[in-house]
Structures are given as C-alpha cells and as structure tokens.
Amino acid sequence: MINRKSRDEIKRMRHAGHIVALVHQEMKKVVEPGISTKELDNIAMKIIKENKAIPTFLGYAGFPASICTSINEQIVHGIPSENVILKEGDIIAIDVGATYGGMVGDSAWSYAVGEISEDKKRLMRVTEESLMAGIAKMRAGNVLDDISGAIEDVANREKLGIVRRYGGHGVGHSMHEDPFLFNYRVGDKTPIKSGMVIAIEPMLNLGGDDVIVLDDEWTVVTKDGMPSAHFEHTVLATDGDPILMTTLMD
C-alpha cells in the first residue's frame with residue numbers, strides 16, 4: 001500500500017533530509033585522494049548523531065555502516081573500510097540515510113576524486129540529468145511510468161546502461177516502502193498523488209545493464225567492470241511542483 005504523508009510526517013522527513021544534505025555538503029569537501037571510506041563513514045556518523053538523528057543504514061538487514069560507499073564499477077551498497085583508500089581518478093557514490101523523529105531521509109550522490117576521465121565526467125553528468133528529468137515528472141496527475149520513462153530517455157540518448165535490478169522506492173517511516181520505482185518503462189500506471197514521497201535514484205553505467213553481487217553479499221558491481229554512477233533525492237509530490245526533501249533548509 002502506498003502511504004501519503006501527513007503535514008507532520010512531511011515536516012519530520014524534511015528535517016531528516018536536511019541532515020542527509022549536511023552529510024553530503026561535508027562529503028563534497030572531504031572526498032579526495034588518500035581518504036579511506038571508513039573515515040568518510042565516521043564523518044557521516046558524527047554529523048547524523050550531532051543532529052539528533054539515527055543513521056538509517058546502520059544495522060539495516062545487517063548492514064555494518066552508516067553510509068554506502070561504492071567506487072567505480074561498484075554501483076550500490078559498498079561497505080566502508082579502513083583498507084579502501086580513494087585514489088586520483090576514482091568516482092565514488094555515497095548513499096546516506098538519516099532517521100529523525102521516526103521519519104527517513106535518503107539521498108545518494110556521486111563524487112569525482114581529483115581529476116577524472118571525460119567518460120566518467122559524462123557518466124556523472126548524464127546520471128544527474130536523468131535524476132532531474134525523473135523528478136520533474138513527480139507531479140500529481142502523472143503516473144510512475146512517467147518518471148521511469150524520463151530517466152530511461154536520458155540514458156538511451158547517451159547510450160548508457162541502466163541498472164534494472166535496483167531502483168527507486170517509497171520512503172517514510174522506513175527506508176523502503178511501496179511503491180518500487182523502475183528506472184525504465186514497465187507500463188506502471190500507478191497514479192502519483194499529492195503527499196506521496198519517493199526516493200528517485202537512477203543508476204547508470206558506461207557499459208551494459210548487467211550486475212552481480214560480490215561475496216560480501218552487499219556490494220553490487222557492473223558485470224563488465226565498467227564504471228557506474230548513482231544519484232538520488234527523496235521527493236514529495238504536490239499539486240504543483242515537486243519538492244526536494246533532501247536539500248539544505250534555509
């Protein structure tokens with residue numbers, strides 16, 4: 001069942017999203033060659049707890065960290081480690097969740113580590129563009145396939161692979177709620193209604209669509225070893241323009 005959020009729930013989700021945005025603001029500053037993904041996790045944990053929130057990912061289905069850190073061919077669910085050191089030319093997707101007042105904010109962003117290749121720049125630019133195209137369709141009166149199709153059209157235009165095994169999702173009292181949102185057309189005519197909140201998160205690849213899960217049972221990588229990018233915002237549908245719930249509040 002798809003739950004539409006009350007005014008109070010939206011207020012708490014907006015606060016959770018602000019905390020997530022604070023983490024990303026800091027990640028943008030500290031992502032550089034030589035830093036470990038465990039150090040990134042420690043920084044994120046500190047910000048979340050200082051703001052009286054709970055790291056949503058920590059312990060979720062047994063996940064051992066407060067953020068996901070996925071590098072190059074890793075798509076999602078990468079586990080932070082003191083032994084994984086960022087190096088020049090990497091790209092890293094950092095997925096952050098914070099729970100405040102029982103409500104969740106969820107956002108991912110991909111970052112360049114130093115100077116990166118033109119192909120990786122294009123991958124990141126287009127994946128972010130596909131996110132924004134999907135967000136623009138998060139309007140009451142549209143259907144879920146409008147969002148999915150907007151993402152797919154951007155990916156197809158640039159001949160990028162689309163991760164089909166994972167996608168967006170409703171979010172609120174828990175990190176994953178109905179509905180599941182595909183990043184390509186499937187004919188889903190579920191209507192978008194004011195008060196619905198969905199984490200829209202395209203994952204696009206420089207190579208093909210196929211993915212595999214590593215032996216740690218978390219980290220998802222491209223089957224062909226080509227780089228992947230991941231961008232995500234939690235978005236509220238209204239009778240007017242969609243509202244981003246995972247940006248900094250004034």
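How many of the 5 residues of strand β2 (residues 67–71) are buried? In this predicted model, 5 of the 5 are buried, so β2 is largely enclosed by the rest of the structure. Buried denotes a relative accessible area under 20%, exposed one over 50%, and partly exposed the range in between, with a 1.4 Å probe and protein chains only. Strands (E, at least two residues) and helices (H or I, at least four residues) are DSSP runs numbered from the N terminus. Because the model is predicted, local features require pLDDT of at least 70 and side-chain atom pairs pLDDT 80 or more, while totals for chains, interfaces and linings use all residues. Residues are numbered from 1 along each chain as its sequence is written, and side-chain values use heavy atoms, with hydrogens and water left out.

Within β2, I67, T69 and I71 point one way and C68 and S70 the other way, and all of these residues are buried. Strand β2 runs antiparallel to β4 and is joined to it by 5 bridges; strands are taken as paired if DSSP finds at least two bridges between them. In this pairing, C68 stands opposite D95 and T69 stands opposite I94.

Strand β4 (residues 91–100) has 9 of its 10 residues buried, so β4 too is largely enclosed by the rest of the structure.

A98 of β4 counts as buried because its relative accessibility is 0%. Residues touched by A98, leaving aside those up to four places away in sequence, include A16, I19, V20, I48 and A53, as well as M103, V104 and G105; contact requires heavy atoms within 4.5 Å. The C-alpha atoms of A98 and K52 are separated by 9.7 Å, with the two residues 46 apart along the chain.

T234, in strand β14 (residues 233–236), is buried, with a relative accessible area of 1%. A polar atom of the T234 side chain lies 2.7 Å from the backbone oxygen of D106. D106 is also among the residues that T234 touches, together with M13, G105, V171, V197 and I198.

Helix α3 (residues 118–136) has 19 residues and should span 27 Å at 1.5 Å a residue; its end C-alpha atoms are 27 Å apart, which agrees. The expected span is 1.5 Å times one less than the number of residues. Buried residues in α3 include K120, L123, M124, T127, S130, L131 and G134.

A search of the whole structure finds 1 cavity of 30 Å³ or more, and the largest cavity has a volume of about 30 Å³. A cavity is a set of points, on a 1 Å grid over the protein atoms alone, where a 1.4 Å probe fits but cannot get out; lining residues have an atom within 4 Å of a point. Grid points are joined across faces, edges and corners, and the volume is the space filled by probe spheres set on the points. The lining of the largest cavity includes I2, N3, K5, G170 and V171. The elements giving two or more residues to this lining are β8 (177–181) and β9 (197–200), and β8 supplies the largest share, 3 residues.

Notes:
Polar contact = N/O pair within 3.5 Å; in protein donor to acceptor, adjacent residues only side chain to side chain. 1 Å grid on protein atoms, 1.4 Å probe; cavity = no way out; pocket = protein on both sides within 12 Å on 5 of 7 lines; lining within 4 Å.
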